[in-house]
Amino acid sequence: MTRATVMFTDLRDFTPISLRFEPQLVLTILNRYFNEMVAIIENHNGTVDKFIGDSIMAIFYEADSPNTCRNAVICAMEMQSALKALNSDFKQRYDVELRMGVGIATGSLIAGIQSWVALPEAHEESEPFFKHHAESELPVLEEGGKIVRV
């Protein structure tokens with residue numbers, strides 16, 4: 001068991017946006033967004049665990065930096081700032097602006113191959129299991145840097 005901070009990001013209302021464009025343009029927009037966000041995550045000692053549609057799951061391990069929660073929050077704020085810059089270009093080129101929500105939680109987790117939990121044939125790397133953290137307890141950093149609880 002190790003302590004870490006997990007951050008989830010999600011593009012708000014992205015499905016209707018994606019339906020307005022051809023698939024190749026949707027991929028172009030997402031790739032620019034993901035490339036920018038991944039660089040910021042890595043600059044703050046985070047590790048991208050997976051992409052889930054337009055969402056990102058990143059983990060900040062204490063072994064990489066003792067201030068995991070601080071790193072994740074600063075990272076999220078920089079991601080919001082970077083999205084503003086991206087949106088200037090997206091608005092001009094595609095007449096679209098993206099909005100991103102962020103959820104952050106710190107706690108103990110088990111990281112590694114979890115296939116023994118379900119099926120030996122199917123496993124995922126780094127699937128965290130949080131102790132004492134219900135989904136409703138996750139703080140969310142919304143656009144503009146305002147922190148709210150869901």
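Residues are classed by relative accessible area, taken with a 1.4 Å probe over protein chains only, as buried under 20%, exposed over 50% and partly exposed in between. The model is a predicted one, in which local features need pLDDT of at least 70 and side-chain atom pairs count only at pLDDT 80 or more, whereas totals for chains, interfaces and linings use all residues. Numbering runs from 1 along each chain as its sequence is written, and side-chain values use heavy atoms, with hydrogens and water left out.

Aspartate 13, with a phi of about 55°, lies in the loop between strand 1 and helix 1, where helices (H or I, at least four residues) and strands (E, at least two) are DSSP runs numbered from the N terminus. With a relative accessibility of 52%, aspartate 13 counts as exposed. Asparagine 45, whose phi is about 65°, is placed in the loop between helix 2 and strand 2, and its relative accessibility of 38% makes it partly exposed.

Helix 2 has 21 residues, which at 1.5 Å a residue should span 30 Å, and the distance of 30 Å between its end C-alpha atoms agrees with this; the expected span is 1.5 Å times one less than the number of residues. The buried residues of helix 2 are Val26, Ile29, Leu30, Tyr33, Phe34, Met37, Val38, Ile40 and Ile41. They cover an arc of only 155° around the axis, which puts them on the same side of the helix, the arc being that of the directions from the helix axis to the C-beta atoms. On the face turned away from this buried side, helix 2 carries the exposed residues Gln24, Asn35 and Asn43. The elements that cover the buried residues, by contact of heavy atoms within 4.5 Å, include strand 1 (2-12), helix 1 (14-19), strand 2, strand 3 (55-61), helix 3 (68-94) and strand 4 (99-109).

Aromatic rings of Phe, Tyr and Trp (its six-membered ring) were paired if their centres lie within 6.5 Å, with planes under 30 degrees apart counted as stacked, over 60 as edge-to-face and the rest as tilted. By this rule there are 3 aromatic pairs. In one of them, the rings of tyrosine 33 and phenylalanine 34 have centres 5.5 Å apart and planes at 50°, so the pair is tilted. Phenylalanine 34 also forms a tilted pair with phenylalanine 51, at 4.6 Å centre to centre and 55° between the planes. Because phenylalanine 34 lies in helix 2 (residues 23-43) and phenylalanine 51 in strand 2 (residues 47-52), this pair ties together parts that are 17 residues apart in sequence. Phenylalanine 34 is buried at 11% relative accessibility, whereas phenylalanine 51 is partly exposed at 41%.
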